[in-house]
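Have the model open in your viewer and a selection tool at hand.

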Amino acid sequence: MTATRPLSVLHLGAGLYTPGDREHVTYAIWRELASGFGRYHVLGRSREAPADWVDGNLRVTLIGRRTEREAEFLLTQFKAVSYGRR
């Protein structure tokens with residue numbers, strides 16, 4: 001058993017994710033990474049509407065996208081600053 005450290009992590013995901021989808025392989029990776037921390041917050045881009053949910057100590061926030069281009073990821077990182085301050 002891994003001891004949980006009282007640390008918070010902000011993980012920026014570069015991919016596109018479907019709100020509420022807990023079956024994709026990346027979600028399993030996030031759950032595993034989160035197991036050693038007090039709070040693990042993933043910030044990514046949504047394939048659909050913006051979404052936010054909590055699964056134990058894992059919180060997933062998906063920001064709505066405006067274009068199909070990956071360059072938008074660079075722009076949405078500015079939104080991550082407010083999440084990081086929390």
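Colour the chain by secondary structure and follow the sequence: the elements come in the order β-α-β-β-β-α, giving two helices and four strands in total. Keep in mind as you look around that this is a predicted model.

Now show the contacts across the chain. Of those with a separation of 6 or more, 59% are between residues 24 or more positions apart.

Next, go inside. Of the 86 residues in the chain, 34% are buried. Select Y17, Y27, W30, A34, F37, Y40, V42, A51, W53, L58, V60 and L62: these twelve residues form the largest nonpolar core. At least two residues of this core come from each of α1, β2 (37-46), β3 (51-55) and β4 (58-64).

Which residues is V42 in contact with, leaving aside its neighbours within four places in sequence? The answer is H11, W30, L58, R59, V60 and T61. Two of these partners to pick out are W30 and L58, both of which you have already selected as core members.

Now switch to a surface view. The chain exposes about 5,500 Å², and 56% of that comes from carbon and sulfur atoms.

Finish on V25, which is part of helix α1 (residues 25-34). Is V25 buried or exposed? Its relative accessibility is 63%, so V25 counts as exposed.

Methods: Residues are numbered from 1 along each chain as its sequence is written. This is a predicted model: local features need pLDDT of at least 70, side-chain atom pairs count only at pLDDT 80 or more; totals for chains, interfaces and linings use all residues. Side-chain values use heavy atoms; hydrogens and water are left out. Buried means under 20% relative accessible area, exposed over 50%, partly exposed in between (1.4 Å probe, protein chains only). Contact means heavy atoms within 4.5 Å. Accessible areas come from the Shrake-Rupley method with a 1.4 Å probe; for residues, only the protein chains shown count as cover. A nonpolar core is a set of buried Ala, Val, Leu, Ile, Met, Phe, Trp, Tyr and Cys residues joined through side-chain atoms within 4.5 Å.
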